[in-house]
Amino acid sequence: MFKNYFKVAFRNLMRNKGYTLITLSSLAIGIAACLMSFLYIQDELSYDRYNDKADRIVRITTSIFREDTEDNIVGNGVLVAKAIMDEFPEVENAVRFREEGSAKINIGATVFREKKVIYSDPSFFEVFSVPLLKGDRKTVLTVPHTVVLSRTTAEKYFGMADPVGKVLRIDGKENWQVSGVFADIPRTSHFHFDFIVSFSTLDLTKDPVMSSWLSLNFQTYLLLRRGASARNLEKKLPLLFQTHIGPEIKQFMGISAEEFMAKAKMKLDYSLQPLTAIHLHSNYDGGEFEPNGDIKYIYLFSAVSLFILILAVINFINLSTARSISRAKEVGLRKVLGSFRLDLIKQFLTESLILCLLALGIACLLLTMLLPLFNSLTAKELLLGALTTPQAIAVALVLTLLVTIMAGAYPAFLLSAFRPAAILRGHAPGSTKSGWLRRGLVVFQFAVSAVMIIGTIIIFQQLHYIQNKKLGFNKEQVLILHNTRQLENRAETLKQELLKYPQVIHATLSSYLPVPSSSNRGPIAREDDPNPKQAFPISSWEIDEDYIDTLGMKIVSGRNFSRQFAGDAQDMIINQAAAVYFGFKSPLGEKLIRVVDDPQKPGHIVTVPGTIIGVVEDFHFESLRESIAPLVLLKGQSRGTMAVRIKAGHIAAVVKVLKNKWTSLVPGEPFEYAFLDESFNEIYQSELRTGRIYAIFAVLAVFIACLGLFGLASFAAAKRIKEIGVRKVLGATIHEMALLLIKDYVLLVGLANLIAWPIAYYLMHRWLQNYAYRTSIGVAVFMFSGLMGLAIALLTVGYQAVRAARANPVDSLRYE
């Protein structure tokens, strides 16, 4: 019986090649989109799950609430880990991290700069499932000035020789002895290190604040015992922190913790974040090792790929019901010859299954061809091998069966319900109900397509807005030279030498730039504030007198720093947001109090007054997702980077000159540079990738909808071929005939747009709320989307309409 089902099914599919091609193409694209989305989602959800104890590892995070602001920070004090281990038996182990930033490795005359350097405890290899290839996991990080290297890094410096016991010269002043080698950390991890230095290497005695509970410079991970509840432990943290932080606040601030919190209107909150939630649910202000993903994109890609598959299923349903008339006699004859309705349902579901299995095979081929492109768009390294896992195979089979049922059930039940007597007397089932269903599904298809078209346009409008918005500084033609701190006092010499070249307009030395760079925040208050030490931390940058001119910023009142004024070392420039924050209507001449570490007494703080000599126009120094915050600019010696403004057309020449001078000043030191505009655009790479992927999905949705519309138009023209012949004999023109066939679809597409517009507006309005500075959603977007959808529909249906209208009526009426 099943052999007969398959045989008949193949005959029907081969007999209707156009229908088969359209349906097969739609389903293959839909299934391919779902499989690709599955690979992406599976990869994102797999982060940090390589750890055998991933379900028991948590990270301590700190949230600082004050008035309308909230700062979420990963860091906490260096003493936290030991205190928790001592006081809470549900904690099995703990590990701390302290980021180094970078380290300079001296190998003879050659210098390498390593950026993935971290200080950590010996318990690192007990908490995380990172295989230790060489060395003893219990002792590799116990001795000061010892380091464990990743396998790739060990091979880079020592080749295939055993590196254990070898010494690396760091920054030309200290030696790190290699005590072990670990396997490269998997790609699906929220951190990646090449150098893990023993935590005992850090000398925390020089700075009492650094070794206190008030410090937020260390990351702490806990390994809970089996059966322990992270939520219950989290409830105990506030009391622990209050017990230890209170005396330190009393020591440093001179008042009790409760009084300090009340006066500062501040609240601290501590939470435990599951390791497996970090990648998709964490994007804290400070302390993240690497940029994380976003769970919103998981939801987005899941929904979009599912809708594309639904559009493909709709094509199947629409074309199957549209062909019901051509198969009516087949159903009638089968019923007369003794077929039961269940047999017919099985027959039609078999056809659906065959189509879905063929579509699955084609989808896998499409995936093979398109996966490299998808990887380049998403910056992933997805592999087809992930589809051969039992989980992936199960998902593919379940997906195929669901599509078979979704696509085949309604046509199977509809066709099997035809009455043979009516059919064989020549009364074809009109199926008004299925006609309305087809129209409704076409409206749904084009509504989904319109929403995706509008979404794509608005995403790229926002990206264009970001890249072209007035930022308060000029990011073009600015070269950033990194690591100028290595030049020490020679950095200013290099700057002055560069300024002698006519191709160089301006140059400045500062570690602070309006792109991801160094940051510094500390309490700053008005002169009349009775408790300046309790002031809310505000960003403050050390710059030189050429900074504002180099970056093209504008002084709106007062003046810039100048070499002619020796007192500028104690003065400051604020941005307009700071003037508003402090309540200054005329900021010039006003004084602010900064709270800084006492250089004479480590661990103590002092207040430093300063006079406002200028106000700079607000400029964006954080992502455009955030509002411009208050900022104080100070004149100082901050030599982390050099920014050079170059005349257009002379970048290559200046880079060559700069490289030669760099090499002569610090031989062997890596010459690393970037451009300010590129660094700025890197902030929005995730949005750019999302826009591109979304655009591809939108094109696929429109293509699938057009395939279905093309098929429906073909069947509609075939169904009305005799009517068209009669009308032409009676004098109707080709234009009138084409309009007759097109108008229904134009109305459906118009209705689809009316439904899609409010939905698209709501969704994109919510998405734009993620940005403090955003584009507006204009009427033009919706009009363009509507006209685009109408044009696509007209082109799709128009071909079939004109072809049917141009047909010779003799061919359709010769037997009438």
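**Figure 1. Cys706 sits at 12% relative accessibility and counts as buried.** Here "buried" stands for under 20% relative accessible area, "exposed" for over 50%, and "partly exposed" for anything in between (1.4 Å probe, protein chains only). You're looking at a predicted model: local features need pLDDT of at least 70, side-chain atom pairs count only at pLDDT 80 or more, and totals for chains, interfaces and linings use all residues. Cys364, at 33%, is partly exposed.

Figure 2. Of the chain's 816 residues, 50% are buried. Take the contacts (heavy atoms within 4.5 Å) between residues at least 6 apart in sequence: 79% of them join residues at least 24 apart. The chain exposes about 38,400 Å², and carbon and sulfur atoms supply 59% of that area. Areas come from the Shrake-Rupley method with a 1.4 Å probe; for residues, only the protein chains shown count as cover.

**Figure 3. Helix α2 is largely enclosed by the rest of the structure, because 23 of its 29 residues are buried.** Its end C-alpha atoms are 41 Å apart, which agrees with the 42 Å its 29 residues should span at 1.5 Å a residue. That expected span is 1.5 Å times one less than the number of residues.

**Figure 4. Asp48 and Glu488 both have a positive phi.** Most residues other than glycine have a negative phi. Phi of Asp48 is near 70°, and Glu488 comes in at about 55°. Asp48 lies in the loop between α2 (17–45) and β1 (57–66), and Glu488 in the loop between β14 (478–481) and α15 (490–498). Buried or exposed? Asp48 is buried, at 1% relative accessibility, whereas Glu488 is exposed, at 54%.

**Figure 5. Lys380 is a buried lysine, with a relative accessible area of 10%.** You'll find Lys380 in the loop between α11 (341–378) and α12 (390–416). Leaving out residues up to four places away in sequence, Lys380 touches Tyr40, Asp43, Glu44, Tyr47, Arg187 and Asn375.

**Figure 6. Ile573 belongs to strand β19 (residues 572–575).** At 0% relative accessibility, Ile573 is buried. What does Ile573 touch, not counting residues up to four places away in sequence? Among its contacts are Ile548, Ile555, Phe561, Val615 and Leu631, along with Arg559 and Asn560. Ser557 is 16 residues from Ile573 along the chain, and their C-alpha atoms are separated by 9.9 Å.

**Figure 7. Leu751, Leu754, Ile755, Ile759, Tyr762 and Leu763 make a nonpolar surface patch of about 560 Å².** Patch residues have over 30% relative accessible area and no salt bridge; like charges are joined within 9 Å, nonpolar side chains (Val, Leu, Ile, Met, Phe, Trp, Tyr) within 5 Å. A salt bridge is a side-chain nitrogen of Lys or Arg within 4 Å of a carboxyl oxygen of Asp or Glu. Leu751 is in helix α22 (residues 734–768) and is partly exposed, with a relative accessible area of 42%.

Definitions and conventions:
Residues are numbered from 1 along each chain as its sequence is written. Side-chain values use heavy atoms; hydrogens and water are left out. Helices (H or I, at least four residues) and strands (E, at least two) are DSSP runs, numbered from the N terminus.
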